[in-house]
Amino acid sequence: MIAHCPGCGYSIMWRQSVYSHVASSAACLLIIFKSNQLNIHFCYVINKFCLLEMPNGKKSNKRRHEQISEPEKQTVLKQTKRVVTKTFTSQIDLAQENDSFKENDSDCCCSSSEKKVDFVQLEMKLVVQKFGPLSKAKALKLVTPYFNDPGQDKIIKSNMFIGAHVSVKGGVDNAIENIQKLNGRAVAMFLRSQRQWNAKPLTDAVATNFRTLCEKYNFKSHQILPHGIYLMNCGSPDAKLRKQSADCLLSDFQRCEKLGITMLNFHPGSSTGKTPIDSSIKHIAEAVNLVLSKTKGVTAVLENMCRQGYTIGGDFHELRSIIDLVDDKSRVGVCLDTCHAFAAGYDLSNEDGYNSMMNEFESIIGIKYLKGLHLNDSKGECNSHLDRHEHIGFGHIGLDGFRRIMNDKRFCNIPMVLETPPDDGVLYENEIRLLYNLIE
Ligand SMILES: [Zn+2]
Ligand SMILES: [Zn+2]
């Protein structure tokens with residue numbers, strides 16, 4: 001069985017009880033071990049941008065990498081195998097893996113590249129994840145009762161606006177009917193193809209139809225939060241990429257103007273480790289100031305991140321610093337992503353963790369800047385720094401975590417959008433019903 005590393009696209013070999021993967025030409029190093037008995041995956045991620053993907057055929061967006069040299073990879077691989085073997089020998093069935101595990105065990109790992117390897121090792125972390133039909137089935141049992149229709153009344157009368165990120169295949173105007181079909185009351189979408197810089201121009205006909213449909217289905221501006229594409233990095237040390245990102249952001253803002261949309265959400269950016277965080281933050285604010293000065297009526301909504309790699313925005317202080325540098329404070333805000341907050345270290349599965357996130361949001365950023373919410377459970381554990389969205393109730397945040405959120409009045413009247421993995425059996429419409437049912 002072959003899986004693909006979403007970091008570099010490299011194939012991951014499936015052998016009896018162990019997945020192992022070392023990207024050879026690209027830069028990422030991902031080593032995955034699976035215990036059949038426990039249905040648990042042990043994954044060493046030795047790269048900031050590389051994530052684990054299970055062999056269920058699901059694809060992720062590719063990410064960029066830091067280059068790790070071949071000798072470094074080999075040395076880290078040896079060391080990792082040694083640690084894993086030592087730590088989990090009792091739990092992992094290694095019996096049939098003699099060849100892949102023991103071949104280098106006696107080799108000394110000290111080499112000329114030792115210093116660099118130390119640096120790479122700093123990035124090495126062990127991620128233990130539970131997967132498999134058992135835990136899925138358990139989660140399903142837990143959440144299914146909440147899939148019942150909460151009743152149109154509850155949905156229509158609520159000032160909690162829950163919806164999902166939907167496809168815009170065939171035109172941005174399709175987003176409104178797509179979310180209508182799911183019975184959602186908030187919507188997110190990309191305003192262009194998310195995989196390429198160039199975008200087809202937004203025609204007058206599409207824009208007019210979008211506005212007509214919003215009117216028809218009573219979608220107001222506080223229920224719509226489009227998402228900027230992931231290629232953008234307004235905080236990049238590379239001036240060319242920065243310019244390209246700012247241009248892309250500006251064009252999305254102009255699309256918003258034309259569509260009558262008042263907010264655009266995007267990931268702040270990344271320093272890529274090649275520039276100090278402060279300078280990256282300055283660049284992001286410059287991009288925001290530029291697009292705000294050239295457009296009217298659209299607010300820039302920065303998303304909190306999960307502290308993965310060099311991304312900016314996992315620490316609320318970073319978001320605050322960007323806001324501080326934005327000239328027009330009335331047109332900047334924050335969208336809180338629950339999965340990112342959890343992965344960044346706020347344990348939303350319990351009340352203390354939730355309160356500490358909200359209190360810090362209030363004291364560091366200010367609740368008036370809260371413009372939207374991304375509702376995602378997390379595949380990774382708290383503080384894992386992994387951006388791995390999971391269906392509501394299936395991940396480590398859990399149902400109670402979301403019950404707390406659904407009953408917090410601070411989230412009234414802002415768009416709350418699901419970004420859970422689409423098309424794998426748990427439908428958005430079920431999740432929307434589930435969330436409405438959690439409102440007490
Ligand atoms: Zn998000
Ligand atoms: Zn995410």
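The structure described here is a predicted model, in which local features need pLDDT of at least 70 and side-chain atom pairs count only at pLDDT 80 or more, while totals for chains, interfaces and linings use all residues. Residues are numbered from 1 along each chain as its sequence is written, and chains are lettered from A and ligands numbered from 1 in the order in which they are written.

**Overall make-up**

- The protein chain has 14 helices and 17 strands; helices (H or I, at least four residues) and strands (E, at least two) are DSSP runs, numbered from the N terminus.
- Of the 440 residues in the protein chain, 45% are buried, where buried means that 20 or more other C-beta atoms, placed from the backbone, lie within 10 Å of the residue's own.

**The open sheet**

- Seven strands, in the order S8-S7-S17-S14-S13-S11-S9, form an open sheet with parallel pairing; two strands pair if DSSP finds at least two bridges between them.
- Strand S8 (186-188) and strand S9 (263-266) are the edge strands, each pairing on one side only.
- From one strand to the next, the twist averages 30°.

**Strand S11 and its neighbours**

- S11 (residues 299-303) runs parallel to S13 (residues 332-337), and four bridges join the two.
- Within this pairing, Leu302 stands opposite Val334, and Glu303 has Cys335 as its bridge partner.
- S11 also pairs with S9 in the parallel sense, over four bridges, and here Asn265 stands opposite Val301.
- Is S11 mostly covered, or mostly open? S11 is mostly covered, with five of its five residues buried.
- In a regular strand the side chains alternate between the two faces of the sheet.
- Both faces of S11 are covered: Thr299, Val301 and Glu303 are buried on one side, and Ala300 and Leu302 on the other.

**Helix H10 against H9**

- Helix H9 (residues 277-294) and helix H10 (residues 316-325) pack at an angle of about 50°, and their axes are 9 Å apart; axes are lines fitted to C-alpha atoms over the stretch in contact, and angles run from 0 to 180 degrees between N-to-C directions.
- H9 and H10 are therefore oblique to each other.
- Their contact involves Ile277, Ile281, Lys282, Ile284 and Ala285 of H9, together with Glu318, Ser321, Ile322 and Leu325 of H10.
- By class, the residues of the contact of H9 with H10 are six nonpolar, one polar and two charged; Ala, Val, Leu, Ile, Met, Phe, Trp, Tyr, Cys and Pro count as nonpolar, Asp, Glu, Lys and Arg as charged, and the others, Gly among them, as polar.

**Helix H10 against H12**

- H10 and helix H12 (residues 351-365) pack at an angle of about 25°, with axes 9 Å apart, which makes H10 roughly parallel to H12.
- Phe316, His317, Leu319 and Arg320 of H10 meet Glu360, Phe361, Ile364 and Ile365 of H12.
- The contact of H10 with H12 has five nonpolar, one polar and two charged residues.

Notes. A residue is buried if 20 or more other C-beta atoms lie within 10 Å of its own, exposed if 12 or fewer, and partly exposed in between; C-beta atoms are placed from the backbone. Angles under 35 degrees count as roughly parallel, over 145 as roughly antiparallel, 65 to 115 as roughly perpendicular and the rest as oblique. Two residues are in contact if their C-beta atoms, placed from the backbone, lie within 7 Å.
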